[in-house]
Amino acid sequence: MAGRFDPLNRTAVRGGRTDVPPGRGGTAGAGAVQRRWTPDGPVDLGLTLGPLRRGPADPTFRTTPDGSVWRATRTPDGPATLRVSRTGTGTGTEIDAEAWGAGAAWLLDHLPALLGADDDPAVFVPRHRLVHASHRRRPGLRLTRTGLVLESLIPTVLEQKVTADEAYRAWRRLVRQYGEPAPGPHGLNLHVMPDPRTWAMIPSWDWHRAGVDAKRSDTIVRAVRVANRLEEAAAMDLPEAARRLEAVPGIGPWTSAETLQRSNGHPDAVTTGDLHLPGIIGYALADDRDADDAAMLELLAPYAGQRHRAARLVLLAGRTPPRRTPRMYRSDIGRL
């Protein structure tokens, strides 16, 4: 429904908008473990799971014409593939899920959290006209909680200081080259990201071919060497979880916030240190395209405890300042 009102531009995509075709899902696949879950309110699969998608060709994420969302991931129990689809509308919504692989039971156990059961959108009170309109048009927006830190941390590190297209390209190449084919149906060509040991063993020349500089690759290697400690952050409160992640050199407030928004689903994990976000928030809420982090946080202060949700609703509205400088230069160190 959101598409009838707001443009699907890069800002809306960054806000986590992924359009899922209408449909009732497919039939049960061979060897799948199944679960049906009834949420306590509307759930928009595209808006809820959209932040987990890293570009239109993410090898770990797919949407299909039957209205299903597919996700390949590495759980504490091993690799797994999840398919979710929705039946019914409004308060009559039901979620059908199937999972394959060693981590199938883990994924189905965590299905409610993944689809926002731990989130309480009812506590959110819009304070700006644009935020109110965006909120009203998206009753099915829930904040996902994957419970998995590393799968969000690594692609976030890849996004440091480069364009989204460069980061997506690196993620695709490394997951396809060093990951493994996802369990379950193979027609979608899904892949599970590498395990921590494999990430640590990637040679420098393959990082280079993927367009990843030494600073980012070194940060990823340092992170995967303490993977178990970082995964513990998924059960921590926001300040403690951020401190745990930022103890790793190369991980700062921007990276920790972008990670914990997905792994912990915290509604107040607002992103600071971003090149574009303050200007977008400032322009949308106060017609101030030159806003910095301090100005952005001041504008979001009325949403204390829900600042991440407010920022997402602004991004989903798709209102951006007119461009006055060229796009960020796209480099490809892999060609050097």
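What is the accessible surface of the protein chain, and what share of it belongs to carbon and sulfur atoms? In this predicted model, the surface comes to about 15200 Å². Carbon and sulfur atoms hold 52% of that area.

**Overall build**

The protein chain has 16 helices and 7 strands. Its radius of gyration is 19 Å, close to the 20 Å that the globule rule gives for 336 residues, so the chain is as compact as a globular protein of that length. Along the principal axes, the C-alpha atoms fill a box of roughly 55 × 50 × 35 Å. Of the 336 residues, 53% count as buried. Among contacts with a separation of 6 or more, 71% are between residues 24 or more positions apart. The side chains include 46 positive and 38 negative ones. The centres of these two sets lie 5 Å apart.

Val-69, Arg-71, Thr-73 and Thr-75 point one way from the strand. Trp-70, Ala-72 and Arg-74 point the other way. Both sets are buried.

Strand 3 pairs with strand 2 (residues 61-63) and with strand 4 (residues 78-87).

| Partner of strand 3 | Sense | Bridges |
|---|---|---|
| Strand 2 | antiparallel | 3 bridges |
| Strand 4 | antiparallel | 7 bridges |

The hairpin of strand 2 and strand 3 has 5 residues between the strands. In that hairpin, Gly-67 takes a positive phi near 90°. On the strand 4 side, Val-69 has Val-84 as its bridge partner. The hairpin of strand 3 and strand 4 has 2 residues between them.

Methods
Residues numbered from 1 in each chain as written. Predicted model: local features only at pLDDT ≥ 70, side-chain atom pairs only at ≥ 80, totals over all residues. Heavy atoms only, no water. Buried < 20%, exposed > 50% of the residue type's maximum accessible area, 1.4 Å probe, protein only. Helix = DSSP H or I, 4+ residues; strand = E, 2+ residues; numbered from the N terminus. Pairing = 2+ DSSP bridges. Rg over C-alpha atoms; globule rule 2.2 N^0.38 Å. Contact = heavy atoms within 4.5 Å. Areas by Shrake-Rupley, 256 points an atom, 1.4 Å probe, with all protein chains shown as cover. Lys, Arg positive; Asp, Glu negative; His and termini not counted. Charge placed at Lys NZ, Arg CZ, Asp CG, Glu CD.
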